[in-house]
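Here is a friendly walk through one model, with a few places worth a look on your screen. Keep the viewer open as you read.

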Amino acid sequence: MGKKDIDRLYNVFKEQAEAVSARVYRVKDPRDAGRRLTQIFQELNVSNVITAQSDLLRECLGAADTGKVTVYAENLREHSEDAHLGLSEADLAIAETGTLVQDSTALEQRLVSTLPPVHVALVRTGRLVEHFVDALEQLNHERAELPGYIAFISGPSRTADIERVLTIGVHGPEQLHIIFVDRPGGEQVE
Amino acid sequence: MSEKEGLKNNVREALANENLRGALGRFGDAYIGARENAYAGKDFQELRGQIAAIKGAAAQNMEELARRFAESARSRGAKVYRARTAQEARDYIKKLAEEKGVRKIVKSKSMASEEIHLNEYLNQHGMESVETDLGEWILQLSGQKPSHMVMPAIHMTRGEVADVFSEEVKRQLSSDIPELVRVAREQLRKKFLAAEMGISGANIAVAETGTIVIVTNEGNARLTTTLPPVHVAVVGMEKLVEKFADVKPILEALPRSATGQKITSYVTMITGPTPAAYPDGSVRDKELHIILLDNGRTSMQSDPVFKEALQCIRCASCLNVCPVFQLVGGHVYGHIYTGGIGTVLTAFFNGFQKASDIQNLCLGCERCKRYCPGNIDIPRLIRELRRRVVENNGLPGMPKFVLEKVLPNRKLFHNLIKTARAAQKPFQKGAMVRHLPMFLAGLTEGRSLPAIAEKPFRDIVLTGHRPPATGDQTKVGFFAGCLTDFVYPQLGEAVHKVLRHMGMRMTFPVEQTCCGVPAIYMGSRKAAAELARRNIAAFERDGVEHIITACPTCAHALKHQYVELLDTDPGWRKRAEYFAAKVTHFTAFVAEKSDNGELPGLQRGNMRITYHDSCHMKGCLGITEEPRALLSAAGLQLAEMEGSDRCCGFGGSYSIKFPEISRRILDKKLAAIEATGAQMLALDCPGCLLQLSGGLDSRGKALPVKHTAEILAQQIAGSGKS
Ligand code: SF4
């Protein structure tokens with residue numbers, strides 16, 4: 001996919017995801033992602049973070065200022081009740097509906113994205129696809145077996161069960177931040 | 001109290017509930033636009049064609065798919081149990097819970113588990129089973145039943161919710177919605193963390209992969225399927241589809257049709273057990289039990305007509321667009337599946353007897369059919385239900401006499417109408433009857449009734465009609481229908497005048513009689529089929545090229561329902577098909593035969609008018625643009641009303657059965673008409689004409705109401721201006 005395609009998909013994604021109350025950012029590399037994370041930690045006064053594990057997460061977290069926060073990467077179930085923020089990486093992002101796709105077979109992936117009031121997801125920009133079917137095809141292509149638990153996430157948790165008034169943040173996160181990372185490998189800026 | 005009186009009482013109570021009507025009405029109005037936006041860029045017809053094909057085939061092979069699903073799911077480590085009845089499903093879950101020492105259960109929303117009254121059962125057996133969907137939790141705490149399939153607590157106000165929650169947390173809460181939601185989050189979070197078992201439903205079950213798909217907004221299903229070490233999914237067998245690829249169209253349609261969302265916040269696909277944290281701190285695979293619930297579904301599947309109901313994806317759009325549901329909500333239906341499709345499902349899951357009264361609530365407006373993403377002909381299923389109820393219980397006395405003895409005997413029927421006309425004299429005031437005696441009293445609720453015409457159309461035709469002087473003299477048979485024939489003969493006159501103006505020759509086969517719709521809607525298929533045969537024979541004898549009528553309800557019967565009614569007799573079916581192919585509504589016929597939708601040689605009018613789309617005109621015949629084009633071309637200025645295709649509440653005998661419902665629907669319509677500031681209301685249905693002109697008259701409003709045929713006829717040179 002060329003840069004123009006990616007830019008277009010990103011713009012569609014951003015528009016759609018923001019329409020369902022997600023916050024969307026795009027950064028150059030893990031260093032910038034780290035800065036973005038630091039800002040989020042500071043703005044929301046975060047002290048406890050639980051994180052799933054991946055190379056991208058490690059790099060971005062490594063670049064963030066975690067001086068005032070405690071980050072748990074293990075025994076998440078134990079720490080999840082008090083965590084303010086959960087951090088995960090999404091496998092794919094669907095532009096059409098502003099949706100993140102996550103193989104959530106591992107318990108950690110689910111805990112970080114369901115229990116804390118804030119969920120921050122990192123996505124490699126190159127993992128944007130246009131439609132829902134594209135995501136299914138891609139998964140099918142990349143995995144030998146259908147993952148045990150696939151999560152499609154579009155915006156934070158919501159309800160309209162009382163008088164049809166839309167209220168954000170009922171059982172799941174109240175905030176969903178999505179950070180697209182253009183060069184996840186941390187390549188040199190050209 | 002009998003079930004029937006119970007229903008009438010429930011209707012009365014529901015109508016008195018302002019909260020309910022306010023919430024449902026607001027949602028119903030907003031829903032249409034939200035849905036439309038969500039479908040922008042999608043081809044709804046194509047999509048629902050796909051869904052109908054997928055679900056239809058799945059229903060056909062339900063047993064085979066259940067077998068394959070079980071095999072696939074087991075190969076991924078799930079346990080699959082086939083429950084034939086509600087009791088078997090309940091027992092399985094109870095036993096499982098007992099074996100695992102489970103005391104605390106969290107549930108995410110599942111119609112199937114409500115259908116089998118699972119909570120009550122588990123609670124009776126000493127377990128705490130908590131609903132975690134916000135709406136369901138509110139209901140559970142307050143001991144109420146869901147009133148809507150997607151929005152269960154839509155009938156409650158924030159104040160009521162605050163009271164219910166205050167009692168639960170033992171302190172007084174304000175009725176601030178975000179605050180109430182926060183309290184629910186806190187309370188239910190504790191339940192999630194402590195639960196030893198999670199129970200969910202599923203929106204789709206894929207045979208090929210053994211996958212269940214769950215769609216939610218709140219995120220409670222994610223917690224239910226993540227935290228407890230045991231997950232039980234209760235899945236109705238109609239949720240099965242064959243292939244993984246089949247989920248796509250269903251997932252595209254479900255949120256769009258349900259809430260006007262392109263996608264819900266969460267879509268979860270579960271294939272086999274995944275790891276969970278156990279109380280001892282270890283993390284290992286949980287237990288996943290999937291219960292495939294039959295409970296009436298296989299008997300539905302083997303029914304030639306009702307198997308279509310298995311195409312339902314439970315989006316509830318048929319409720320959201322139903323004018324009756326919007327007024328009375330789900331409680332009056334008495335069971336968890338509500339609205340039109342709910343009535344059919346109730347018949348199979350809870351017994352035909354239970355559905356026999358609630359099917360009466362259907363107005364027959366057919367609006368739901370246009371919106372159904374499963375492409376289900378819901379009105380047809382209701383008619384069939386009615387027919388079977390009548391077959392079992394028989395018709396009540398008076399309607400039975402009219403339908404079976406009077407209607408098929410044309411002479412008797414027509415003589416009775418003439419007698420009725422003679423009898424009505426003392427009550428006639430102006431052109432409207434203000435009061436009617438005895439059993440017809442219900443008809444005057446909220447509107448004046450027109451008088452039966454002095455001379456029926458059939459008598460006028462026989463004496464006064466001449467063929468046109470010019471033109472190709474195309475022979476057009478006119479089907480009047482009862483209202484035009486006996487109440488509004490001027491409509492027939494107008495049709496005649498317009499056809500003559502177009503150089504066509506109108507004939508009126510006098511052997512024609514009632515189209516049969518009252519019989520169809522009362523469930524008397526026998527009487528309806530007899531009327532169909534008579535009408536077909538009458539027009540065959542006349543050898544006409546086209547058959548037109550000014551009534552969309554008659555047109556729908558003639559064009560679509562006769563074939564269905566005479567289906568079992570190949571000879572008659574052929575004749576019905578041949579007949580049906582010639583039938584058109586007057587207005588569509590004129591539009592088609594005239595110049596680009598413009599009728600030449602008219603004087604131009606200049607009035608400001610508004611147009612009402614009759615349910616059967618738009619919904620069953622698909623005619624909406626033609627009348628507008630003809631009227632605009634005739635110089636009239638169209639001011640569209642809000643919800644021009646919303647039902648006027650007539651529904652034939654419906655206004656007798658449920659006069660209060662009919663009147664409220666009428667009120668809403670009249671308000672929309674008035675808001676346009678139009679000087680005239682145009683429409684294309686004599687039934688709507690009766691309802692709306694009667695409604696206006698009884699409220700002392702002088703706004704003229706005219707059929708398109710009348711408006712056009714008036715503007716033919718030499719008829720004076722409109
Ligand atoms: S019958 Fe059709 S419209 Fe009604 S709930 Fe089912 S799928 Fe939706």
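## The largest cavity

How do the residues of the lining of the largest cavity divide into nonpolar, polar and charged? They divide into 14 nonpolar, five polar and two charged, where Ala, Val, Leu, Ile, Met, Phe, Trp, Tyr, Cys and Pro count as nonpolar, Asp, Glu, Lys and Arg as charged, and the others, Gly among them, as polar.

The volume of this largest cavity is about 200 Å³. Among the lining residues closest to its centre are Cys322(B) and Cys362(B). A cavity here is a set of points, on a 1 Å grid over the protein atoms alone, where a 1.4 Å probe fits but cannot get out; lining residues have an atom within 4 Å of a point. The volume is the space filled by probe spheres set on the points, which are joined across faces, edges and corners.

## Around the ligand

The ligand is surrounded by 13 residues, the closest including Cys312(B) and Cys315(B); such residues have a heavy atom within 4 Å of it. By class, 11 are nonpolar, one is polar and one is charged.

## How to read the model

This is a predicted model: local features need pLDDT of at least 70, side-chain atom pairs count only at pLDDT 80 or more, and totals for chains, interfaces and linings use all residues. Residues are numbered from 1 along each chain as its sequence is written, chains are lettered from A and ligands numbered from 1 in the order in which they are written, and side-chain values use heavy atoms, leaving out hydrogens and water.

Definitions and conventions. 1 Å grid on protein atoms, 1.4 Å probe; cavity = no way out; pocket = protein on both sides within 12 Å on 5 of 7 lines; lining within 4 Å.
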